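Here is a short briefing on a structure. Please look at the chains first, then read on.

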Amino acid sequence: MHASQLTTPPSERRFWLMVALGGLLVLLALGAAHYMETSGHIVTGMNNHVVWGLPHVFAIFLVVAASGVLNVASIGSVFGKADYKARAPLSGLLCVAMLAGGLTVLSLDLGRPERVIIAATTYNFTSVFAWNMFMYSGMFAIVALYLWTLMDRRMNPLSKKVGLVAFVWRLVLTTCTGSIFAFLVAREGYGSALLAPMFIVMSFAWGLAVFHLVQSVIFAWNGLPLPDHVHRRMSRLLGVFVAAVLYLVAMHHLTNLYFARNVDFERFILLDGGVYPTLFWAGFVVAGSVIPLLLIYARGFGRQRDTLLASALVVAGAFCALYVLIVGGQAWPLNLLPGASVHSTFYDGQIAPYAPSLPELLLGLGGIAVAFLITTIGIQVFDFLPRDVSRPASAEGQAR
Amino acid sequence: MSERDQTNGKAAQATAQAQEAKRPGASRRALLGAGTAALAGVLLAPGIRLIEIAGAQMQRAPGEPVTDKVRWGMLIDTTRCSPDCNECVKACNTENGLSGRTGPTDSQWIRKIEIKYERTGRTVSAPVMCQHCAKPPCVDVCPTGASFKRADGIVLVDRHSCIGCRYCVLACPYKARSFVHEPLTEQKPDVPRGKGCVEGCTMCVHRVDRGQQPACAESCPEGAITFGDLNDPESAISRRVREIATTRIREDLRLDTGIRYHGL
């Protein structure tokens with residue numbers, strides 16, 4: 001055999017390197033989950049007062065962004081935009097990959113992960129959580145069908161109808177995810193119907209940011225230029241979504257501030273709650289929203305690398321926002337007797353402690369690694385690379 | 001101390017006083033005391049017998065289904081509850097095999113809360129446990145139905161179908177649920193628990209089904225916890241609820257809790 005035939009091409013080497021990296025992270029996550037299962041959650045930072053911690057931040061980010069990343073396909077199939085239609089398969093693949101990553105984290109964080117089959121087969125339909133299980137499994141099936149209609153010429157005529165079903169399904173799915181918190185009656189940080197639309201808009205922004213990151217990497221590694229008009233369209237859409245998230249988050253806090261009973265909680269989360277206000281203002285508002293908006297819209301910015309940085313910042317801001325919402329919301333004590341201060345050995349009237357642990361971080365990163373592996377293998381095995389049709393100059397002008 | 005133990009104690013005291021009275025030169029006061037105790041014994045005995053009969057009637061035969069004819073509840077009289085007393089918590093821990101530790105990952109099925117009213121400065125001490133709501137949020141949110149409410153109003157967790165998602169812990173307005181964070185040893189046969197599952201006050205269902213009172217109610221030295229059937233207008237708890245002002249924690253949530261408080 002000739003020596004040159006033995007040499008692995010660079011792209012293939014890169015593929016196996018990425019698979020190895022993703023695989024290693026998944027193995028570490030499985031090790032962390034096994035450690036948590038055998039030793040109990042005592043080895044995590046979670047406790048009886050902050051029962052959902054860092055794994056849930058990762059899981060909910062992945063699930064919410066999974067729904068939002070499908071927006072790209074919906075704009076193509078449902079609203080007929082050609083630039084987005086070319087990206088629909090990649091959008092579907094990312095949706096399935098992130099959903100799988102998020103559910104992996106959620107399942108492995110359970111106190112009894114071996115009983116996940118009970119969760120998949122026994123539904124209490126008054127539970128928002130059970131609705132979510134139903135919606136997640138349905139989402140896999142619908143997106144798989146959708147990908148089939150997109151990638152098989154014989155099935156192409158059905159793609160618009162299935163795309164519409166997927167569009168509606170994911171809106172309901174994210175409504176359900178937001179409702180996990182919206183339907184909690186006694187927690188001051190939650191219990192607002194505004195959380196459902198807020199989660200939907202968050203999914204739009206976070207999903208599109210992830211899409212930008214993945215698309216940029218794929219184009220760069222394949223040595224393909226991302227057409228300017230596509231970049232401009234998608235980056236401006238990201239800007240609109242980021243601004244909308246900021247608006248809804250502001251409305252959520254303003255509503256709470258208007259209700260006298262929630263003012264103390266707002267003071268905690270926005271001003272004097274230590275890590276939570278820092279993450280909210282510096283992480284979510286400034287780094288995750290204002291700077292990305294400047295990178296997209298400000299004069300002298302708006303180039304592809306600016307959008308890439310903006311997308312990465314939006315993702316980082318998303319983690320900060322979820323940490324504040326999920327952990328901060330639990331850290332604030334329940335108000336057992338309005339008008340009275342309460343103390344006990346069970347942290348009544350006290351800020352609950354929480355410090356994320358390494359097993360939690362590894363489990364969360366494992367969820368991202370699962371999504372990364374599915375995406376990497378999917379792109380390598382199937383044809384998910386967006387193919388842009390070159391546009392005439394007049395159309396270029398319209399896109400501006 | 002149980003009612004029966006208290007009765008036995010009183011009887012022994014009466015006998016001792018009567019023996020004292022028989023001694024030559026015994027004081028008239030001792031004689032009067034013995035007479036009063038004997039009279040009290042005669043008057044109380046039928047009542048005590050009635051309580052025993054009622055307890056026996058409340059006992060559920062093996063295999064007999066629970067019905068909604070009863071609604072078990074408790075009335076906690078905080079005016080009799082001392083901040084220095086922790087007997088109900090100790091009794092609960094002993095009965096259910098809890099460690100009694102109070103770290104952030106330890107289970108606490110019942111805890112004493114110390115309340116201070118901001119406007120008046122009044123302080124109150126009270127035990128808080130699962131409030132056994134008629135409309136329990138923990139049951140609503142449980143994805144597998146492991147959190148459930150028995151027909152008689154007792155809210156429980158099925159340890160076989162709890163997946164340990166902790167959504168019920170998040171949903172409970174009373175912080176009444178705990179998650180078992182580490183492997184358990186030396187469990188009580190009547191109270192199975194499990195690492196990775198959620199748990200909370202069972203209202204000592206194993207005792208209630210035998211016609212006994214929950215451990216916390218029985219242990220209270222001041223008799224501040226009255227346990228009984230809220231559906232029975234003649235039960236001690238129902239009579240007491242009619243007679244005195246009672247309230248429920250987070251009444252605004254309208255969860256129709258089975259635990260009521262006096263003096264909050």
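**How the two chains meet**

The contact takes 45 residues from chain B and 41 residues from chain A. This is a predicted model.

**The side of chain B that touches chain A**

- Four elements of chain B each supply at least two residues of the side that touches chain A: strand 2 (110-117), helix 4 (137-141), helix 5 (167-171) and strand 6 (177-179).
- Strand 2 of chain B gives the largest share of that side, with 7 residues.
- By class, the side of chain B that touches chain A divides into 23 nonpolar, 10 polar and 12 charged residues.

**A strand pair across the chains**

- Strand 2 of chain B also pairs with strand 1 (residues 340-343) of chain A.
- The sense of this pairing is antiparallel, and it runs over 4 bridges.
- To find the spot on the model, look for A:S341, which stands opposite B:K116 in strand 2 of chain B.

**Chain A: helix 3 and helix 9**

- Helix 3 (residues 54-69) of chain A packs with helix 9 (residues 159-182) of chain A, their axes 9 Å apart.
- The angle between helix 3 and helix 9 of chain A is about 155°. Angles over 145 degrees count as roughly antiparallel, and helix 3 and helix 9 of chain A are therefore roughly antiparallel to each other.
- The crossing of helix 3 of chain A with helix 9 of chain A is left-handed.
- On the helix 3 side of chain A, the residues are A:I60, A:V63, A:V64 and A:S67. They meet A:R170, A:L173, A:T174 and A:T177 in helix 9 of chain A.
- This contact of helix 3 with helix 9 in chain A has 4 nonpolar, 3 polar and 1 charged residues.

**Chain A: helix 11 and helix 14**

- Helix 11 (residues 228-258) of chain A and helix 14 (residues 304-331) of chain A cross at roughly 30°, and their axes come within 11 Å.
- That angle makes helix 11 of chain A roughly parallel to helix 14 of chain A, as angles under 35 degrees count as roughly parallel.
- Helix 11 and helix 14 of chain A cross in a left-handed way.
- Helix 11 of chain A brings A:H231, A:S235, A:L238 and A:V242 to the contact. Helix 14 of chain A brings A:Q304, A:T307, A:A310, A:S311 and A:V314.
- The contact of helix 11 with helix 14 in chain A has 4 nonpolar and 5 polar residues, with no charged residues.

- Chain B holds an open sheet of 3 strands in the order 8-1-9, with mixed pairing.
- Strand 8 (225-229) and strand 9 (259-262) of chain B are the edge strands, and each pairs on one side only.
- On average, neighbouring strands of this sheet are turned by 20° against each other, direction ignored.
- Strand 1 (residues 72-77) of chain B pairs with strand 8 of chain B in the antiparallel sense, over 5 bridges.
- Within that pair, B:L75 has B:T226 in strand 8 of chain B as its bridge partner.
- Helix 8 (residues 236-243) of chain B packs on the sheet and touches strand 1, strand 8 and strand 9 of chain B. The direction of helix 8 makes about 115° with that of strand 8 of chain B.

**Chain B as a whole**

- Chain B has 8 helices and 9 strands.
- Of its 264 residues, 39% count as buried.
- Among contacts in chain B with a separation of 6 or more, 60% join residues 24 or more positions apart.

Technical notes:
Residues are numbered from 1 along each chain as its sequence is written. Chains are lettered from A and ligands numbered from 1 in the order in which they are written. This is a predicted model: local features need pLDDT of at least 70, side-chain atom pairs count only at pLDDT 80 or more; totals for chains, interfaces and linings use all residues. Axes are lines fitted to C-alpha atoms, for helices over the stretch in contact, and angles run from 0 to 180 degrees between N-to-C directions. Angles under 35 degrees count as roughly parallel, over 145 as roughly antiparallel, 65 to 115 as roughly perpendicular and the rest as oblique. A crossing is left-handed if the near helix is turned anticlockwise from the far one by less than a right angle, and right-handed if clockwise. Two residues are in contact if their C-beta atoms, placed from the backbone, lie within 7 Å. Ala, Val, Leu, Ile, Met, Phe, Trp, Tyr, Cys and Pro count as nonpolar, Asp, Glu, Lys and Arg as charged, and the others, Gly among them, as polar. Two strands pair if DSSP finds at least two bridges between them. A residue is buried if 20 or more other C-beta atoms lie within 10 Å of its own, exposed if 12 or fewer, and partly exposed in between; C-beta atoms are placed from the backbone.
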